[in-house]
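Subject: A structure for you to look at

Hi there,

Here is the structure I promised to pass on. Please open it beside this message, and my notes follow below.

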Amino acid sequence: MPRTSPCLWFDRQAEEAANFYVSVFPNARIKAITHYGEGAPLPAGTVLTVSFELDGQDYLALNGGPVFQFSPAISLMVHCQDQAELDDFWHKLSEGGQTGQCGWLTDRFGLSWQIVPASLPRLMADPARAQRIIKAVMGMTKLDIATLEEA
């Protein structure tokens, strides 16, 4: 088990969000759901946490109320093997959310994602080429692997 795992704070959409993420990723599952009891900050019976797994990585979704919001300062990266996979994740995760620059998007729950080619570190290894790739990425919304490979 990894030493660290993300906890994602939602107002009251933890179960909806976890079910959505599990539907987007292959090899994903809901592991456990807990509920608030009497005398808790939210009504008894309300979902407290949803433990879920995406491709072997554990996550916890927490219904903590409207105290905190997501910020692009933290994002989850999806490393895609090819353009079809990148397009699929981009389409599914951006539905109802907002697309941004450089392969970033915000899903309908406000969580930021970076949808990137798995080959990006290899492409960036050559410092001269890295500058061309950065320039290309800065001009894109959804990343185009073929364009990056040619940079």
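Predicted model: local features only at pLDDT ≥ 70, side-chain atom pairs only at ≥ 80, totals over all residues.

Residues are numbered from 1 along each chain as its sequence is written, and side-chain values use heavy atoms, with hydrogens and water left out. Helices (H or I, at least four residues) and strands (E, at least two) are DSSP runs, numbered from the N terminus.

Back to glutamate 53: is it buried or exposed? It counts as buried because its relative accessibility is 17%; buried means under 20% relative accessible area, exposed over 50%, and partly exposed in between, with a 1.4 Å probe and protein chains only. Setting aside residues up to four places away in sequence, glutamate 53 touches Asn27, Ala28, Arg29, Lys31 and Asp58 (contact means heavy atoms within 4.5 Å).

**The sheet**

The open sheet has 4 strands in the order S1-S4-S3-S2, and its pairing is mixed. Two strands pair if DSSP finds at least two bridges between them. At the edges are strand S1 (7-10) and strand S2 (28-35), each of which pairs on one side only. On average, neighbouring strands of the sheet are turned by 20° against each other, direction ignored.

Going through the pairs, S1 and strand S4 (residues 57-63) run parallel and are joined by 4 bridges. Leucine 8 stands opposite alanine 61 in S4. S3 and S4 pair in the antiparallel sense over 6 bridges, and threonine 49 stands opposite leucine 62 in S4. The hairpin of S3 and S4 has 2 residues between the strands, and there aspartate 55 takes a positive phi near 50°. S2 and S3 are antiparallel too, pairing over 7 bridges.

How much of these strands is covered? In S3, 7 of the 8 residues are buried. S4 has 5 of its 7 residues buried, so it is largely enclosed by the rest of the structure.

**The helices**

H1 lies across S1, S2, strand S3 (47-54) and S4, and runs at about 10° to S3. Axes here are lines fitted to C-alpha atoms, for helices over the stretch in contact, and angles run from 0 to 180 degrees between N-to-C directions. The buried residues of H1 are Ala14, Ala17, Ala18, Phe20, Tyr21, Val22 and Val24, and what covers them includes S1, S2, S3, S4, H2 and S8.

Helix H1 (residues 14-24) also packs with helix H2 (residues 83-94), at an angle of about 160° and with the axes 10 Å apart. That makes H1 roughly antiparallel to H2; angles under 35 degrees count as roughly parallel, over 145 as roughly antiparallel, 65 to 115 as roughly perpendicular and the rest as oblique. On the H1 side Phe20, Tyr21 and Val24 meet Phe89, Lys92 and Leu93 of H2. By class, this contact has 5 nonpolar, no polar and 1 charged residues (Ala, Val, Leu, Ile, Met, Phe, Trp, Tyr, Cys and Pro count as nonpolar, Asp, Glu, Lys and Arg as charged, and the others, Gly among them, as polar).

**A loop residue**

Leucine 111 sits in the loop between strand S7 (104-106) and strand S8 (112-117). With 3% relative accessibility, leucine 111 counts as buried. Apart from its neighbours within four places in sequence, leucine 111 is in contact with Leu8, Tyr21, Phe70, Leu76, Leu105 and Thr106.

Best wishes
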